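Here is a short briefing on a structure. It covers the domains, their interface, the ligand site and the salt bridges.

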Amino acid sequence: MGLIRERIAIDLGTAYSIVAHEKSDELWRIPSSIALDSRTKEPVAYGEQAKMMFGIGSQRHEVIRPLKEGVICNFEAAGHYLSYLVSRARRNPLALQYQVLVCVPWGATAVETKSYIDRIQSFRTQIRIVREPFAAALGSDLDVFSSEGCTLIDIGGGTVEISTIAHGHMIFCSTLRSAGNAMDQLLIEKLLRNKFFEVGENTAEEIKINYGSVFLEEGQTEKEFEVRGLDRKTSCPGRMSLSTETLRDYLEPLSLAIENKLKEHLRHLPPESQLNVEEKGVFLVGGGALLKGWSRRLNQRLGIKITIPSDPHLAVIRGMKKILREPAKYESILKISEGV
Ligand SMILES: Nc1ncnc2c1ncn2[C@@H]1O[C@H](COP(=O)(O)OP(=O)(O)OP(=O)(O)O)[C@@H](O)[C@H]1O
Ligand SMILES: [Mg+2]
């Protein structure tokens, strides 16, 4: 009997990680959080449960995000978390070996990339690495091997990566090491400074997801909504009203930084790639692509066509599943992407 081997893909993200199995259509999207017992440092909760514990302020537990700005920052917690992710995707209890495909940002250094391999290899698995922009492009149904190439922008939790790919190579990549999580922080700061009102990270993210925008969409009107938190004027829990327009203003410094990064990226492209952007436009992926108004904003301000594929936050894992299913076809980008 041959060795039973399972193939798993992990999109390890700063905010959310997504796990897939080659033989399943199911995807597991899990917050990149882990709660450790403060005394023993043993994991007590993972994912959603750990994320909910964040901000409760229990002295018995510490909630850790093992990644920062797209790369591992807490090695021990990352090891526990990766082991948990692999266990979530496992299907065959008799499997003796795992092949794990993991993505790393283009901007990750060789040392950072090696830290991924070291964390996972302790589970006696074979590791393959793909750089995130290649997976994102494949997951957006773009042909990374074509001579015309493609440009895409991935707005994640910790990083924004803008990539232009052609002939299976990275032509040019720009990275901004602040993204969705930084928007949540910005909102917390602005509410505190301007309204003397305190909200936690999870609430800030919820407000952004439910009411946030970077530009007013056609036919949309501004509206008021209620925010619950701690009123610093009275030091009591309270409610306040905020408008979608004010929220957009609060998020504007980061929206503008992303827009400017894209502008700068396009200026640095060789003429062929610039022509390609003019014809095909730019693809927008990552959870941050779900913020309302990006297409209209970038189209009006930069004069480019923007395409957001369906479920843009799943683009990377979709691309990784393509690689899992046809590894031979994508061997060259895995090799090119390795660089360790
Ligand atoms: N509907 C939504 N509207 C606005 N923002 C959203 C929405 N859904 C998710 N986000 C934001 O997208 C970000 C997470 O995106 P994604 O899952 O692509 O990041 P990640 O892969 O974890 O991070 P990175 O790639 O930087 O390591 C979070 O900041 C989250 O708040
Ligand atoms: Mg990501």
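What distance separates the centres of domain 1 and domain 2, taken over C-alpha atoms? The centres are 24 Å apart. This is a predicted model, in which local features need pLDDT of at least 70, side-chain atom pairs count only at pLDDT 80 or more, and totals for chains, interfaces and linings use all residues. Residues are numbered from 1 along each chain as its sequence is written, chains are lettered from A and ligands numbered from 1 in the order in which they are written, and side-chain values use heavy atoms, with hydrogens and water left out.

**Domains**
- Domain 1 covers 5-136 + 315-339.
- Domain 2 covers 142-194 + 204-224 + 243-308.
- These bounds come from an automatic or database domain assignment.

**Domain interface**
- 24 residues of domain 1 are in contact with 19 residues of domain 2 (contact means heavy atoms within 4.5 Å).
- About 1,700 Å² is buried between the two domains, and carbon and sulfur atoms give 59% of that. Buried area is the accessible area (1.4 Å probe) that two parts lose on being put together, summed over both.
- The rule finds 3 salt bridges across this interface. A salt bridge is a side-chain nitrogen of Lys or Arg within 4 Å of a carboxyl oxygen of Asp or Glu.
- The rule also finds 4 residue pairs in polar contact across the interface of domain 1 and domain 2, both residues at pLDDT 80 or more. A polar contact is a pair of N or O atoms within 3.5 Å; within protein, one must be able to donate a hydrogen and the other to accept it, and residues adjacent in sequence count only if both atoms are side-chain atoms.
- Helix 4 (132-139), helix 10 (315-325) and helix 11 (331-338) each supply at least two residues of the domain 1 side. Helices (H or I, at least four residues) and strands (E, at least two) are DSSP runs, numbered from the N terminus.
- Helix 4 gives the most to that side, with 4 residues.

**Ligand 1**
- Ligand 1 has 21 residues around it, with a heavy atom within 4 Å as the criterion.
- Thr-14, Ala-15, Gly-158, Glu-205 and Lys-208 come nearest.
- A polar backbone atom of Tyr-16 is 2.8 Å from an oxygen atom of ligand 1.
- A polar backbone atom of Gly-157 is also 2.8 Å from an oxygen atom of ligand 1.
- For Glu-205, a side-chain N or O atom is 2.7 Å from an oxygen atom of ligand 1.

**Salt bridges**
- The whole structure holds 20 salt bridges.
- Asp-25 and Arg-325 form one through their side chains (3.7 Å, N to O).
- That pair links distant parts of the chain, 300 residues apart: Asp-25 is in the loop between strand 2 (16-21) and strand 3 (27-31), and Arg-325 is in helix 10.
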